[in-house]
Amino acid sequence: IHHLYELPSRFHISIMIVEGLLSILFLSFLQWEKNHGGVHAFLPPSKPRECPIIPTLAHNGLLKHVKIVAHDLWGKDEIPKLEHPPDNVDFVEGEAQLVLADDNSISFTERAEYFRRLALERGCPKAQHSYGLLLWSGFGGVERNAQESAKFHAAAASQGHLDGMAVLGGCLRTSTGFDKKKKKKNNKNNVKLGLELIEYAASCGNPTGINKKAALLESNGDDYGAVELYEACLHKGRENALLLLNLGWCLVHGQGVAKKNAERGIELWKLAASRAPDEGSEEAAWHLHHELDRDYPKEALQWLKLAEDLGYYDGY
């Protein structure tokens, strides 16, 4: 009887035949895939995007709340916006540049008034963001005004400006620039919306969103997590001057890194300063002055002059 177990049954023979046929078919498919590009040959070529695909509903939902905040901040005044916004553009980002068609140069000390006019008269979201930054820092001869800063960032954010969204998120989270009477009433909702705006901007790879998210990690003691965000953004080529300043600081002072790397940190500060007058360039120039003053006094003096031209003086 034991010999019966050593002989394959008809059923087993059938299974063996089927397995053999499947193996042949699989090998044939692999050869076809190699020659024809596989299943991807049937798909349309993908288009490169600067921003990861974010659910449109998430964007539109946040934008609805942002517009409510903007109307609250601007009150009876009309919120300036572009008369003809670009078609098929979900978002904009970045700071305004000092560029004129007639090639007349605008000095760094004149940039605040230039950005203000673009922000109000043309409704340029980049200019609204840039002017809002100056209203917060007080650089460029502008008197610091947290409420006005929040207003202009809200105006930019209401037009889908990612940097404006991130900064407005910070304002909402800390109740900066909002009416004191309304702070307690809307505090929980504002904090929630603020964190959502920061997360949304960061998820799009926006450097201001990354900076805000990294600051939250640093405030919770996660310096290494913050550096990872900075490095990832830099690797993708999406960095701004402030991110270069922040990462440079971490490298020079050994914050959130396994080992200090002052040389690389200083190079990042130089790159940040080269993007003047963007936010972060003035402070980068100031730190370069202090780091290089002993060994390279002439170069350090040049960085000091740039910092002062941008409005950054000792005591900030």
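Predicted model: local features only at pLDDT ≥ 70, side-chain atom pairs only at ≥ 80, totals over all residues.
Residues are numbered from 1 along each chain as its sequence is written. Local features need pLDDT of at least 70, side-chain atom pairs count only at pLDDT 80 or more, totals for chains, interfaces and linings use all residues, and side-chain values use heavy atoms, with hydrogens and water left out.

Colleague: What pLDDT does the protein average?
Modeller: pLDDT is the predictor's confidence in each residue, from 0 to 100. At least 70 is scored by 76% of the residues. The protein's average is 84.

Colleague: Are H8 and H9 roughly parallel or roughly antiparallel to each other?
Modeller: Axes are lines fitted to C-alpha atoms over the stretch in contact, with angles from 0 to 180 degrees between N-to-C directions. The axes of H8 (residues 207-219) and H9 (residues 223-235) come within 7 Å and cross at roughly 165°. Angles under 35 degrees count as roughly parallel, over 145 as roughly antiparallel. H8 and H9 are therefore roughly antiparallel.

Colleague: Is Leu120 buried, partly exposed or exposed?
Modeller: Leu120 lies in helix H3 (residues 111-122). Buried means under 20% relative accessible area, exposed over 50%, partly exposed in between (1.4 Å probe, protein chains only). At 36%, Leu120 is partly exposed.

Definitions and conventions: Helix = DSSP H or I, 4+ residues; strand = E, 2+ residues; numbered from the N terminus. Parallel < 35°, antiparallel > 145°, perpendicular 65-115°, else oblique.
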